[in-house]
Amino acid sequence: MEEMVKWQEELTNVQKKQKKRLLETVIELVKEKGYANVSVRDICRTAEVSSGSFYHHYPSKEALVLDAYYHIDQYVTKEFIEKCEKQPPRDSIRSLLGLYLKLIDEEIGLLVKEYYRVMLEGMNISALDPHRPYYQALCAQAERGIQDGSFRGECEAKEIAEYFMRFLRSEIFDWAIHGGEYNLVAQFVKDYEWALRGIAASEER
């Protein structure tokens, strides 16, 4: 029995490492060759993962793209949330949004174009999943902002979180259609203050 448990744990670790290599590989290959020029075979060969293992984890290249984008959730750690809790709500939300954009800028890059294409084709069912750690973290900080008067009292935390998710998508989409020619994070810092004015309490404006 113990040997079986140990074998299952080892198998799980191997599978996690395979997924990690596949995620890292698709990001690098798309940066190098462009999405249309990267095949599942290319990904498997570079990642040193068999095609059978690939299809065990992902039904298609598009599914791998979606998973690469959801990589953000692993950065919403307990330590990061504790850091946010020590900041005023406005700053904690800026930290959360900045975390997302930093990942896009430094890791995902223009693979984000394919993410949006897949989304528009209706494959991304879980993009707005309210149970995602990132979304829950945004809601929690929005609630803090309501409670301390930073945000309008008639707003609900969910509405504020969705507002910022729409704002985030617009920032990323604009950067992508411009070919990533400007600094995404720097532009976000400027735009964030403008976005806040739509929900800030009157005395905060």
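Contact here means heavy atoms within 4.5 Å.

Before I go on, the caveats. This is a predicted model, with pLDDT of at least 70 needed for local features and 80 or more for side-chain atom pairs, while totals for chains, interfaces and linings use all residues. Numbering runs from 1 along each chain as its sequence is written, and side-chain values use heavy atoms, with hydrogens and water left out.

Back to the pair. Helix α9 covers residues 157-177 and α10 covers 184-196, and their axes come within 11 Å, crossing at roughly 145°. The axes are lines fitted to C-alpha atoms, for helices over the stretch in contact, with angles from 0 to 180 degrees between N-to-C directions. The crossing is right-handed, meaning the near helix is turned clockwise from the far one by less than a right angle.

Of its 205 residues, 43% count as buried; that's under 20% relative accessible area, with exposed over 50% and partly exposed in between, using a 1.4 Å probe and protein chains only. Among contacts between residues at least 6 apart in sequence, 72% join residues at least 24 apart.

Now, which helices does the buried part of α8 pack against? That would be α5 (78-85), α6 (89-108) and α9. The buried residues of α8 include Y134, L138, Q141 and G145. As a reminder, an α-helix has 3.6 residues a turn, so residues three or four places apart point the same way. Helix α8 itself has 15 residues, 133-147, and reaches 21 Å from first C-alpha to last, close to the 21 Å expected, taking 1.5 Å times one less than the number of residues. After α8 comes G149, with a positive phi near 85°.

Last stop, K16 in helix α1 (residues 2-33). Buried or exposed? K16 counts as exposed because its relative accessibility is 56%. K16 and H57 are 41 residues apart in sequence, and their C-alpha atoms sit 9.7 Å apart in space.

Key:
Helix = DSSP H or I, 4+ residues; strand = E, 2+ residues; numbered from the N terminus.
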